[in-house]
Amino acid sequence: MQDLVRQWKDKPLHGRYRSRIEDNAIDTKASQGWLQSGNLFLETEGFIASIQDQYNMQNIKQWNCNGCVSHVNELRVMVRENDPFCIALQETYFRPETSFSLRNYNTYRKDVIPDRRARGGVALLVKQNIIAQEQRLDTELQAVAVRITTPFAATLHINLSILESDNEHTNRPTYTRPARIRSLEFQQANNISIRDVLQRAPYDTPPWTRSKPHIDIRLSVFLKNETAPQVYLARFKQITDHLHDHLFIYSDGSKSSTGVGASIVVNSVCHMWSLDPISSIFTAECYATWQALLFFALSSSLACSIVSDSLSVISSIGNNFTKDERISRILNLTSSLENDHKKVRFIWVPSHVNIIGNELADAAAKQAATMPPDEGIPTPLSDYVKHLKDTTKQAWQHKWDLYDGHMRSVQTSIEKWTYPKQLNRRQQTVLCRLRIGHCKLTHAYLLAGDHRPQCLACQTDLTVQHILVECRLYSDLRRELQMSSNIQTLLKTEWPKVMDFLLRSDTYTKI
Ligand SMILES: [Zn+2]
């Protein structure tokens with residue numbers, strides 16, 4: 001029996017052996033737990049890289065070198081200090097004629113493509129003592145891939161800039177332009193530029209080995225509208241009384257119609273930043289918290305309390321497995337500070353309860369929101385996405401406002417149409433036809449090849465609007481049912497009356 005088990009374990013599965021799991025260096029419990037929990041998500045690559053780094057003391061370096069030939073000395077220093085087995089370079093600016101080599105490394109590269117807007121070039125440098133095989137990538141992306149054989153098997157690849165010009169659609173007029181091109185055109189037309197995107201930082205350490213950040217949200221148990229400011233103030237004093245050696249940093253963010261600001265206050269001195277106006281309040285609060293950590297990192301204090309009035313930010317900091325790039329950047333910095341024996345504590349306080357630091361931070365953030373945005377503060381992708389969605393909806397609504405027809409008189413906004421749940425299938429069909437303005441009674445002539453139907457009593461074209469609102473024949477019935485004279489109100493909220501009306505006027509079956 002044991003022989004069979006051993007045989008099975010030595011059988012290669014996808015090129016690996018089951019018995020490898022029993023190696024000393026592998027934390028079986030954590031690995032299995034991780035695989036079973038099924039949390040594989042965007043940052044998985046970061047996880048895997050950090051596990052691999054842990055397992056294999058050699059490492060992979062990634063560098064945007066902004067011209068490899070001119071920065072080759074920096075590269076040499078990095079190699080001497082870290083001895084990476086693989087270096088992923090971006091923005092190499094290699095042209096096909098550029099010759100480049102680094103001692104002990106093989107170079108795999110994709111060079112600058114002339115006459116394309118996305119330049120840069122990428123390269124992978126892999127140590128010569130590692131068996132590596134370049135992989136063919138069938139893509140226009142700036143990417144190279146190399147399969148290497150190491151204690152762990154992996155395919156490394158980096159891909160960077162998507163080529164911005166793609167001419168396929170211009171040669172063929174009937175070809176639908178790619179969504180990306182249409183999106184770029186929309187962005188240009190609406191003056192949206194996606195510049196600094198806040199990148200998701202890979203985990204410095206596997207999140208399960210991190211200690212939980214110290215967060216204090218004790219003050220949130222009180223209900224704000226039932227608690228006097230003095231009570232909060234007294235409780236805050238109680239919480240902070242024994243923290244004599246702590247550096248207190250108050251952080252706050254603010255969003256208004258003029259812009260978005262973030263601020264920190266240390267010893268009554270304000271520091272403030274103005275963010276891209278599309279940033280959310282959560283982004284501003286996170287940025288302030290991050291700046292507070294940076295301030296603490298550069299100070300000589302060994303302990304620090306960051307006081308914020310954003311419960312959402314402070315609660316998110318409690319989640320070591322967060323997928324949010326704003327929070328993960330805070331967590332990375334917190335854990336590296338803890339490794340340097342600098343203790344951080346996050347404390348939540350309500351706003352506007354006369355905690356002086358918080359009031360100062362609030363005023364500073366509001367002031368920062370009125371200033372022009374600072375350069376170089378990255379904005380998370382989620383804020384760009386929301387901004388794009390809002391702008392698209394506005395443009396769509398604007399287009400709809402200019403449309404003149406039956407459907408716009410029924411539905412003036414581009415919101416989704418909903419149907420009352422109480423209606424059966426047939427009634428929903430009827431309501432839908434009335435909303436669209438096309439029904440058997442008014443449009444069957446198109447199929448039959450007849451003339452457009454007329455209302456004989458009123459000597460006018462027969463339309464849905466005419467039947468429901470205008471026709472003289474039914475004015476008594478309408479009055480009796482107390483129907484609105486507005487077709488939008490009728491079809492949106494007064495649909496039970498409309499159903500009654502159709503049945504009693506004997507038109508229900510003709511819709
Ligand atoms: Zn009529």
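This is a short tour of a predicted model, stop by stop.

**Stop 1: confidence.** Color the protein by pLDDT. The average is 83, and 86% of the residues score at least 70. Now select residues 260-266. This is strand β12, where confidence is highest, at a mean of 96. Next select residues 154-159, strand β9. Here confidence is lowest, at a mean of 46.

Stop 2: Which strands make up the open sheet of six, and in what order? Select them across the sheet: β10, β15, β14, β11, β12, β13. The pairing is mixed. Strands of a sheet pair through backbone hydrogen bonds, either parallel or antiparallel.

Look at the edges. They are β10 (214-216) and β13 (269-275). Each has a single partner strand, so one side of each has no neighbour in the sheet. Then follow the twist, which averages 20 degrees from one strand to the next.

Stop 3: Keep β12 and β13 on screen. They run antiparallel, joined by seven bridges. Pick Val265, then find its bridge partner in β13: Cys270.

**Stop 4: helices on the sheet.** Select residues 281-298, helix α8. Helix α8 packs on the sheet and touches β11 (247-255), β12, β13, β14 (303-308) and β15 (343-348). The direction of α8 makes about 155 degrees with that of β11.

Finish with residues 356-368, helix α11. Helix α11 also packs on the sheet, touching β11, β12, β13 and β14. The direction of α11 makes about 145 degrees with that of β12.

Key
Residues are numbered from 1 along each chain as its sequence is written. This is a predicted model: local features need pLDDT of at least 70, side-chain atom pairs count only at pLDDT 80 or more; totals for chains, interfaces and linings use all residues. pLDDT is the predictor's confidence in each residue, from 0 to 100. Helices (H or I, at least four residues) and strands (E, at least two) are DSSP runs, numbered from the N terminus. Two strands pair if DSSP finds at least two bridges between them. Axes are lines fitted to C-alpha atoms, for helices over the stretch in contact, and angles run from 0 to 180 degrees between N-to-C directions. Two residues are in contact if their C-beta atoms, placed from the backbone, lie within 7 Å.
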